[in-house]
Amino acid sequence: MGGKADFMVTVSKNEVVAAVLPLQEHWLPLSNLDLLLPPVDVGVFFCYKKPEAIGDSLGFGSVVSVLKKALAQALVSYYAFAGEVVANTVGEPELVCNNRGVDFVEAYADVELQNLDLHNPDQSIEGKLVPNKKIGVLSVQATELRCGGLVVACTFDHRIADAYSANMFLVSWAEMARSKSISMAPSFRRSILNPRRPGCIDPSLDLMYMPISSLPPPKDQRYQTPDDHLISRIYYITSEQLNDLQLLACSNGYKRTKLESFSAFLWKMMALLAAKDNFEVTKMGIVVDGRVRLGEDDKVKASLMSSYFGNVLSIPFGSQRVNELIEKPLSWVANQVHDFLDQAVTKEHFLGLIDWVEAHRPEPALAKIYCNKSYDGPAFVVSSGQRFPVSKMDFGWGCPVFGSYHFPWGGDAGYVMPMPSPAREGDWVVYMHLFKRQLELIETEAGNVFRPLTFDYLD
C-alpha cells in the first residue's frame with residue numbers, strides 16, 4: 001500500500017449543465033423549515049475503481065458524457081437544483097427556478113485511488129475533490145485519478161435540500177445514467193408545510209431554537225485553544241462493536257436503537273475531555289427527519305411527504321452534567337438520549353415548529369445547538385446517514401468502493417454522521433467533524449471502536 005502523499009488537482013474544463021427541457025421561470029418560496037437553515041453548503045462524494053464497460057475500459061471523456069447527459073435529464077424533475085437563491089423584499093431567501101444550470105467541473109488528480117487518505121478528508125477531499133460552489137444551488141465535479149479511478153462529487157445549498165432530498169436526487173441521477181426511469185419524482189408542494197391559523201407553539205421550542213437577534217455576543221473562547229480547532233475525520237465501526245454497544249445500552253427491558261446506543265457512547269467520550277477542561281455540562285443533539293411524523297393518519301399527505309424535496313428537520317438536544325455522563329452506565333445515558341428524542345419525534349412537534357418560525361418571520365432563526373458557544377461546554381450533533389444510497393450510486397460502471405458526506409458545517413458545535421459501509425454488511429462509516437482534541441481522545445479511549453478508514457478496509 002502506497003504512502004498518503006499530498007497531490008495536485010488540475011481542472012481541465014468548466015461547463016454549465018442545464019435541464020434538457022426548457023422550464024417556465026418561476027419563484028419557489030422556501031418553507032418555514034427551510035428558513036431555519038443557515039447559508040451552508042453540504043458536500044458528498046463517491047469513489048469508483050477504473051470504470052469498465054462490458055469487455056472494455058471506459059475513457060474519462062465517455063464517463064463525463066454519461067454523467068452530464070443524465071444530469072441534464074435529472075434536472076428536469078429536480079429543477080430546484082438548477083435555480084438560484086435570491087433575497088426577497090423582506091430579506092428572506094427564495095428560489096428562482098430559472099434553469100441557470102449546474103456548474104460542472106472536470107479535473108485530474110495526480111494520485112492513485114488506493115493512496116487517497118480517506119481518513120483525513122480535510123487533506124484529501126476538501127477543496128480538491130469536492131467542488132467549492134461559487135454560484136447556484138448545486139455544483140458537480142468529476143475527477144479522473146492517476147490509476148483511471150474516478151471521484152464524482154457534489155456540493156449543494158442546505159437551505160434548498162436536506163440529506164433525504166439530496167439522496168433522492170443522487171439515486172435519480174444514477175438511474176438516468178443507466179437509462180432507467182426515475183423511481184421517485186420529487187414533490188415541491190410547499191403548502192403541505194404551511195403554518196396553522198391560529199398557530200400553536202409549545203414553550204419547549206424556545207429552548208431549541210432562537211432568533212438571530214438573541215445570539216449571545218462572542219466571549220473569550222477558553223475551550224478553543226490555538227492548537228484546537230474543528231477538523232474532519234472518517235472512521236469505520238464494525239457491526240460486532242455496534243451490537244455490543246446496543247447490548248450495553250439496553251437495560252430493564254428497554255430496547256435502544258443502534259443510533260441511540262452509538263450517540264450515548266460518543267456523549268460519554270465527549271464528557272471525558274469536558275471534565276479535563278473543567279466544564280460542568282455538555283450537550284448533544286440528534287437530527288430528526290419529520291417526513292414520517294407529518295404524514296401520520298393521512299395517506300395522501302404521507303405519500304406527498306415521502307417524496308417531498310426540501311428541509312424537514314429538527315434538532316432536539318439534551319444537556320447533561322459531565323460527572324453523571326462519566327459515572328453512570330451506558331444504559332442510563334442511552335435513556336437520556338431516548339427521552340430528549342421522544343419529545344421531537346411527534347407530528348405536533350413539527351407542526352409547532354412550523355408555527356414557531358411563522359411567529360418570528362421575517363427574522364432569521366437557528367437551532368440553538370448549532371450556535372452553541374464553546375464557553376457553555378462542548379456540544380455536538382449526530383445526524384443519521386443510514387439512508388445514504390452508496391449502494392445505489394451505479395452510473396453504469398458499478399457501485400462506488402466508497403462514498404461519504406463531507407460537511408464542515410460552520411457551526412460552533414461538532415457534527416457526526418454515521419452511514420452504511422459499502423465494504424461490509426452491518427458496519428458503519430462515520431464522518432466526524434469535531435475538535436482536534438476530542439478526536440485525539442476518542443482515538444485513545446475508544447480506538448477499538450472507532451477505526452481510521454483505510455483503503456485496506458474497503459478492499
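Start by selecting tyrosine 78 and phenylalanine 309: both are buried (under 20% relative accessible area with a 1.4 Å probe, protein chains only; exposed is over 50% and partly exposed lies in between). This is a predicted model, where local features need pLDDT of at least 70 and side-chain atom pairs count only at pLDDT 80 or more, while totals for chains, interfaces and linings use all residues. Residues are numbered from 1 along each chain as its sequence is written, and side-chain values use heavy atoms, without hydrogens and water.

Next, show the rings of phenylalanine 81 and phenylalanine 169. Their centres are 5.0 Å apart and their planes stand at 80°, so this pair is edge-to-face (rings of Phe, Tyr and Trp, the last by its six-membered ring, pair with centres within 6.5 Å; planes under 30 degrees apart are stacked, over 60 edge-to-face, the rest tilted). Phenylalanine 81 lies in the loop between α1 and β4, and phenylalanine 169 in helix α3 (residues 163-177), 88 residues apart. Helices (H or I, at least four residues) and strands (E, at least two) are DSSP runs, numbered from the N terminus.

Now widen the selection: one aromatic cluster includes Tyr78, Phe81, Phe169, Trp173 and Phe309.

Finish on strand β3 (residues 41-48), which five bridges join to β17 in an antiparallel arrangement.

Methods
Two strands pair if DSSP finds at least two bridges between them.
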